[in-house]
Amino acid sequence: MIYGNIHNPMLEQQIAILPEPLGRALRFLKNHDMAAHEPGVFNIELGGVPVILQVLDLNTSDRESLRPEIHKKIIDVQFLASGGPEGAGFYNNDGTGEIQEDLFSTPRDIGFFFNDPAAPEGRIHMVPGTYAMYFPWDIHIPAIQIGESSAPIRKIVIKVPLESCLPKESTKGEA
């Protein structure tokens, strides 16, 4: 998992060390007013890589009502465009969690876990401009309420194919 804020003065240095499709996703978020974008699901291309752009209007919820999720073939680039604050939970998939709902073979490429109170869950405090990148080994719980009451949020998710970020094989069969 990688997280940061698009307003960080070192954003370009951060982008420089990322695979190109992830850097393009961050530049897209920085260069577009996502708070003003119409809600919905859109198929777009970033640098020739087809990605899915989700623009979601949600309310944060108490942690106990949310299910941890994971993907196998995509990297979720989640971004808080407006509203909040939002808590985002995360922990490493060590193989011990129990899947409650398996939708990996669908276009959503998602699995939902049963909540595990013993999971070593970390938390990010997201404010507008904050992003988090969740890889296939990162179990994540978005839209967690911070404080006593729910908050409306404009959540952006760019779904980047994992394979677009992997190094290309130059020659097969070489060690």
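The following legends accompany an overview and several close-up views of a predicted protein model.

Residues are numbered from 1 along each chain as its sequence is written, and side-chain values use heavy atoms, with hydrogens and water left out.

**Figure 1. Overview of the fold and its dimensions.** The protein holds two helices and twelve strands; helices (H or I, at least four residues) and strands (E, at least two) are DSSP runs, numbered from the N terminus. Their order from the N terminus is β-α-α-β-β-β-β-β-β-β-β-β-β-β. The C-alpha trace extends about 55 × 40 × 30 Å along its principal axes. The radius of gyration is 16 Å, in agreement with the value near 16 Å for a compact globule of 175 residues; this quantity is taken over C-alpha atoms, and the globule rule is 2.2 Å times the number of residues to the power 0.38.

Figure 2. Of the 175 residues, 45% are buried; buried means under 20% relative accessible area, exposed over 50%, and partly exposed in between (1.4 Å probe, protein chains only). Among contacts (heavy atoms within 4.5 Å) with a separation of 6 or more, 79% link residues 24 or more positions apart. Carbon and sulfur atoms contribute 54% of an accessible surface of about 9500 Å², computed by the Shrake-Rupley method with a 1.4 Å probe; for residues, only the protein chains shown count as cover. The mean positions of the 14 positive and 23 negative charges lie 4 Å apart. Lys and Arg count as positive and Asp and Glu as negative, while His and the chain ends are not counted; the charges are placed at NZ of Lys, CZ of Arg, CG of Asp or CD of Glu.

**Figure 3. Strand 5 and its two antiparallel partners.** Strand 5 (residues 74–83) is mostly covered, with eight of its ten residues buried. Nine bridges pair strand 5 with strand 12 (residues 152–161) in the antiparallel sense, pairing being assigned if DSSP finds at least two bridges between two strands. Within this pairing, Gly 83 has Ile 153 of strand 12 as its bridge partner. Strand 10 (residues 130–134) also runs antiparallel to strand 5, joined by four bridges. Here Gln 78 faces Ala 132 of strand 10.

Figure 4. Gly 84 and Pro 85 are joined by a cis peptide bond with omega of about 10°. Pro 85 belongs to the loop between strand 5 and strand 6 (86–92).

**Figure 5. Two residues other than glycine with positive phi.** Asp 109 has a positive phi near 45° and is located in the loop between strand 7 (99–103) and strand 8 (110–113). With a relative accessible area of 3%, Asp 109 is buried. Ala 143 likewise has a positive phi, of about 65°, but is placed in strand 11 (residues 138–144). Ala 143 is also buried, at 9% relative accessibility.

Figure 6. Glu 148 occupies the loop between strand 11 and strand 12. The relative accessible area of Glu 148 is 81%, so this residue counts as exposed.

Conventions. Predicted model: local features only at pLDDT ≥ 70, side-chain atom pairs only at ≥ 80, totals over all residues.
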